[in-house]
Each structure stands twice: as structure tokens, then as C-alpha cells.
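I opened my notebook to look at how the parts of this model sit together. Here is what I looked up, in order.

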Amino acid sequence: MGQTLTEKILDDHLVEGELETGEEIGIEIDQVLTQDTTGTLVWLQFEALGLDEVQTELAAQYCDHQTYQFDFKNTDDHRFLRSAAGTFGAYFSRPGNGICHNVHKENFAAPGKTLLGSDSHTPTPGGMGQLAIGSGGLDVAVAMGGGAYYIEMPEVVNVRLEGELPEWATAKDVILEMLRRLSVKGGVGKIFEYTGPGVETLTVPERTTITNMGTELGATSSVFPTDEKTRDFLERVGREDEYVEIGPDEDAEYDDQITIDLSELEPLIAEPSMPDNVVPVREVEGQDVEQVIVGSCTNGGYADILPAAKMLEGREVDMKTEMIVAPGSKQASEILARQGWSAEMMAAGVNFSEATCGACIGIGHVPASDSVSLRTFNRNFEGRSGIEDDNVYLCSPEVATAAAIKGEIVDPRDLADELGDMEAPGLELPDKFDGSKTDIIEPEEAVDDDLVKGPNIGDVPLKDELDADIEGEALLKMDDNITTDHIIPATQDILMYRSNIPKLSEFTLSRVDDTFADRALDADGGFLVAGENYGQGSSREHAALCPMYLGIEGVLAQSFARIHKANLFNFGIIPLSIDADDYEQIDQGDDIEIVDDVAEAVRSGQEEFTVRVNDDWELTATLDASEREREILADGGKLPHTKKQTEGS
Ligand code: SF4
């Protein structure tokens with residue numbers, strides 16, 4: 001039987017296990033990436049593990065999430081990150097050089113390689129045939145030290161693309177269509193592998209828009225085969241020698257198949273406040289729009305911004321709408337500026353922001369209360385824009401720009417009819433992408449050879465081995481789809497404490513209950529209770545580390561998001577699945593006791609645990625964990641576990 005592309009890459013990197021769906025496998029990692037909000041902890045953990053040199057083929061540290069300098073904290077972090085990259089042997093992309101996924105795609109991503117990144121949109125270069133996976137930072141630290149990355153072998157789902165996109169429909173509409181059909185939970189435990197005649201009609205930037213937002217489906221990764229379009233992209237970025245042809249065998253068998261006829265797609269839009277609230281743009285036409293942002297790691301490349309520039313040529317942004325372009329990389333900004341397109345857009349009324357994550361995580365360009373903001377980003381979770389009563393819609397650059405011109409949501413086809421002289425901009429790539437390398441410090445050119453820690457850089461807290469008895473209060477009961485943004489908000493005023501865990505922990509779950517952190521500390525620990533898909537969203541390990549710091553011992557949830565569940569193991573918090581009826585019966589404030597000898601049960605492979613509630617009734621909770629995850633959990637988390645292994649060897 002032939003292999004899928006996913007199986008081929010995994011097979012090439014397999015160090016443990018077999019490629020059977022659901023089985024745990026260990027794979028070798030070729031490249032790692034980390035960004036500034038997760039990177040400080042990654043390097044502190046790398047140091048705490050006693051490691052002194054990066055062992056992967058390549059490691060890259062980006063500074064993209066927090067680049068505004070309100071005081072010393074972000075600068076301290078960036079200086080620490082530069083010193084860590086220099087000391088341990090990683091590339092360092094300077095603040096303002098661009099968003100990790102865009103800069104990595106332009107400079108390092110390579111077909112057939114594995115990439116592990118401490119950012120949930122790490123799968124972006126899947127559009128170039130790279131198998132890229134997002135994980136918690138501790139997994140990245142261990143992989144950088146030469147350790148394998150462990151994962152349950154996902155289902156491989158074939159997405160067969162037929163036909164060709166019609167005018168005004170874009171790659172963004174392909175992934176919005178996937179979200180419309182499958183929902184934000186539709187990709188959990190899956191890798192989406194795109195094939196079919198429609199693939200060759202899409203350029204690499206279009207493919208990476210699709211693979212970037214595979215994360216919103218909950219997918220482990222998404223991947224395209226390579227072809228002439230991949231070779232062409234690599235030539236333009238000056239890395240043609242890294243091209244390899246790679247794709248599935250003709251007789252490859254998939255776990256499932258989906259077909260999308262590109263020719264039937266039309267402009268789509270995700271309504272507030274979930275990326276899967278997708279409807280045709282024509283269903284929501286006519287709403288006033290106060291803000292439009294084109295950019296981010298999803299649609300912030302040259303090929304994404306140029307259509308907006310072409311649509312705006314000779315036109316103006318409506319007076320009641322503010323339009324911002326947030327490039328994904330400085331390289332994109334520079335080429336647009338050299339070609340005169342930035343001047344065209346400025347003349348039309350556009351403001352430019354630095355090439356950072358910025359508005360995507362509520363840092364700058366916060367929309368006005370209860371106003372409509374159209375963004376080309378990948379997420380529109382409530383409050384992520386920096387204000388609770390936001391109304392953020394997700395769409396393509398074409399739909400966003402049409403709204404900026406008209407001042408209201410409008411299908412660009414209808415606007416084109418109305419204006420009479422607006423052509424569909426299509427997609428173009430620049431001849432050569434050059435420029436951003438000057439903002440990347442290579443390991444050989446490192447300017448630091450020792451770690452520099454300012455006062456905002458603390459130590460990594462450690463947990464003791466799991467106890468035999470675990471009991472405590474159900475400190476918080478939450479609904480379905482609690483995101484890592486709910487657990488640790490990613491706004492500027494909070495994220496600046498990312499390397500200062502005691503301070504950051506004060507904000508834990510504050511968006512759900514602003515008394516939570518105090519109550520958890522007073523109670524000296526306890527449990528969290530949640531519905532389905534607990535911990536969806538980013539790879540932010542602070543969302544497990546801060547609850548651990550506050551003493552949380554376990555989470556009882558109907559289901560868990562993949563990366564967050566791995567992070568709970570990594571920080572010694574027991575993730576127990578419960579059924580819907582038991583979830584309904586538990587109230588916040590109930591006394592919870594795990595009846596079994598927890599440490600012994602976890603180590604021995606016990607799957608079902610008896611949980612006593614209020615000394616009154618009992619439920620059965622399930623621990624779904626591999627042998628390796630059980631050892632990690634029992635040792636108090638991955639850091640003490642890895643140290644124990646290293647010291648024992
Ligand atoms: Fe940055 Fe937003 Fe992309 Fe995350 S999703 S990397 S915050 S632009």
C-alpha cells in the first residue's frame with residue numbers, strides 16, 4: 001500500500017512507535033521556531049535542563065508578538081532572547097522584522113523537513129511541503145536539545161481540491177469553507193493533506209493561508225505536496241537548492257476524504273466571535289464598518305496586500321472607516337514601498353503598522369466599543385481584539401478592502417458592479433524577495449555569548465511529584481470552548497509579564513472570573529471544571545503553567561484541545577475527561593476528591609478514576625494518556641521528568 005505525504009515525512013523522522021492512527025510516535029525534529037511570548041520560557045527551560053547548545057539543524061527565535069516598548073519589560077525580554085539565541089546557537093530575528101510564520105516561510109521553511117514551534121500557527125509552511133506542528137514551549141526546548149517530539153499518530157484526511165477559484169474568491173475562502181463545514185473542532189487529531197488538480201492552481205502564499213488556518217480547525221497540521229509552484233517560490237526567495245519534490249503515492253490510503261470544488265466558492269466571512277461562524281458575504285452586506293485591517297500571519301504577505309493596493313488605486317477609504325495594513329514581514333513592507341504601492345495606499349487613506357502581531361492580540365488598533373471590525377486575521381475570539389464587546393469578522397483582503405472603500409460590508413463582486421471600473425486584482429508575486437536577512441542575526445554572527453536577564457525575567461517554577469491524595473474545591477466551572485486567551489489573556493498589559501510567572505498568574509482566568517487567582521491561592525489549589533474543547537486556541541504554555549503555579553491539581557473537562565492537554569501533562573496537572581451528565585451535576589464550589597492513589601494509578605496505567613463529589617456522589621473520570629505522558633505527569637511535569645532522566649542516564 002502506498003503512503004500519504006504525511007506518512008512519508010513522518011517515516012523519514014520516526015524514532016519510536018509505528019505509524020498506526022492513535023498510537024504514540026516519537027519523531028526527530030529538524031527545525032524549531034519560537035516567538036517572544038513563548039520564547040523566554042523556552043530558553044529558561046532549555047537552561048534549566050542543563051543544555052548548552054541547540055542540537056536541531058536550525059532554531060529560530062522571532063520577536064513579533066510584543067514589540068511595542070511601553071517600559072523596560074519587552075526590551076528586557078528581547079535582549080534576553082537575543083542573548084539566549086547567541087549563547088545557545090539560534091537565529092535571532094529582530095523586533096519589527098516580522099511575524100514568525102511569515103519570516104520563517106521566507107527564510108527557512110523547507111519541503112520534507114519537520115518543524116516544531118511554540119506557536120499554534122506553526123503549521124503555516126505546510127503550504128511548502130514541510131510537516132510543521134505547534135506545541136508547548138517545553139516540547140520545543142526538549143526538541144532543541146535533541147529529544148524526540150511525541151504525538152499520537154493523527155488521522156490523515158485528504159482534502160481534494162477540484163477546479164479553479166473564480167474571480168474574487170480566494171485561498172481565505174477555501175479555509176473558511178473548511179471551517180464552515182467542519183467547525184473549530186473538526187480537525188482535532190487530524191492532519192489535512194491537500195491533493196487534486198486544484199492544488200497546482202494555487203501559489204505558495206495561497207497554500208500557506210490555508211495551512212495557517214488549519215489551526216482554527218483544531219488540526220495537528222496541514223500539508224500540501226510540492227510542485228513547480230513550490231520551486232518557483234523557493235527561487236524567488238533565493239533558496240531553490242532546498243527544493244525537493246514530495247507528495248503522496250498514487251495508491252495512498254487516507255482515513256477520510258473531503259472534496260472542495262474551488263470553482264464553486266464565493267467570498268465568505270466569519271461572523272463574530274468564532275472562526276467557524278462562516279456565511280457568504282452577501283448574507284451580511286450593508287452593516288457599517290468602522291475598522292478594516294489587512295495583514296497578520298494569515299494574510300500579511302506581499303501577495304495578500306498587493307490586491308488591497310490595486311483595489312485602492314485611485315480610490316479612497318470611506319470617511320467613517322479606518323483602514324490599517326499590518327504586514328506580516330518587513331520584507332513585504334519593503335517591496336511594497338520600493339514598488340510605490342505603499343504610497344498609493346497611503347494616498348487612499350491607509351495607515352501602516354509595524355510588521356508584528358499587534359492588533360491580532362489586542363496590542364494596538366483596539367476597535368471602538370460595539371463596532372464592526374473586518375480583519376484578514378485567523379481568529380476572532382471574543383475579547384481578543386483588546387475589548388470585550390468587539391464584533392470582529394474574518395475575511396479575505398479583497399472583502400476587507402471592499403468594505404473599506406464602501407464603509408460597509410459588501411461582497412467585492414457587488415462593489416465591482418457598482419463602481420464599474422474595479423477589476424479583480426488576482427495574485428502576483430514579486431520577482432525577488434530580498435531584504436529581511438539584514439534583520440536576522442545568524443548564530444555565527446551572535447552579538448552575545450552569555451545570558452542577559454533583566455528584572456522582569458524570573459525563574460521557572462517547578463512542581464513536586466504527584467501525590468497519592470488529590471482533593472480540593474471545584475474553583476471554577478466553565479462552558480465549552482474555553483480558549484487559552486480566556487485562561488491567560490494575550491493583551492499587552494498582561495503578556496509583558498510572560499517571564500515573571502508569579503505576576504502573570506494574577507491574571508489567570510480573569511476574563512472568566514476576576515477573583516479566580518486570589519481564590520485559588522487562598523484555597524491552596526483545587527480543580528477546574530470545563531465543557532468541551534477546553535484550552536483551544538494558542539500553544540501558550542502559560543495557560544497550564546500559571547494554573548499550576550496557583551496550585552491547580554486537575555482539570556475535569558468533557559474534552560481537551562490537543563496542545564493544551566499536552567501542556568497540562570507538561571506542567572503536572574491531571575486532565576480527566578468526564579461525561580456530559582456528570583459535568584452538568586458538578587457545581588462550582590463542590591468538594592472534589594480523587595478516591596484512588598493517584599500517583600500509583602497514573603504510573604500503573606489506570607484509565608478510570610473514581611471522583612467523589614461533596615462526599616455525596618461519585619463519577620468516573622478517564623485519563624487518556626500514553627505511558628510516557630503518565631511518567632511525565634507523575635514526576636510533576638516534563639521539566640522535572642527530563643531532568644530526572646538526564647541525571648539518571
Ligand atoms: Fe501573531 Fe496573530 Fe499570527 Fe498568532 S495568529 S502569530 S498572534 S499574527
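Predicted model: local features only at pLDDT ≥ 70, side-chain atom pairs only at ≥ 80, totals over all residues.

Domain bounds here come from an automatic or database domain assignment.

Residues are numbered from 1 along each chain as its sequence is written, and side-chain values use heavy atoms, with hydrogens and water left out.

**Domain 1 against domain 3**

With contact meaning heavy atoms within 4.5 Å, domain 1 brings 34 residues and domain 3 brings 31 residues.

Next I took the buried area, which is the accessible area (1.4 Å probe) that two parts lose on being put together, summed over both. Domain 1 and domain 3 bury about 2800 Å² between them, with 53% of it on carbon and sulfur atoms. On the domain 1 side, Leu41, Gln66 and Leu138 supply 18% of the area buried against domain 3, more than any other three residues.

Then I turned to polar links. I counted 14 residue pairs in polar contact across this interface, both residues at pLDDT 80 or more. The rule asks for a pair of N or O atoms within 3.5 Å; within protein, one must be able to donate a hydrogen and the other to accept it, and residues adjacent in sequence count only if both atoms are side-chain atoms.

Which element gives the most to the side of domain 1 that touches domain 3? I found H2, with 7 residues. Helices (H or I, at least four residues) and strands (E, at least two) are DSSP runs, numbered from the N terminus.

**Salt bridges**

I used a side-chain nitrogen of Lys or Arg within 4 Å of a carboxyl oxygen of Asp or Glu. The whole structure has 42 salt bridges, and 3 salt bridges cross the interface of domain 1 and domain 3. I noted the one joining glutamate 24 and arginine 628 (3.2 Å, N to O). Glutamate 24 lies in strand E2 (residues 24-27) and arginine 628 in helix H23 (residues 627-634), so this pair ties together parts that are 604 residues apart in sequence.

**The ligand**

Finally, I listed the residues around the ligand (a heavy atom within 4 Å); among them are His65, Asp119, Cys297 and Arg384. Domain 1 and domain 2 both give residues to this shell, so the ligand lies between them.
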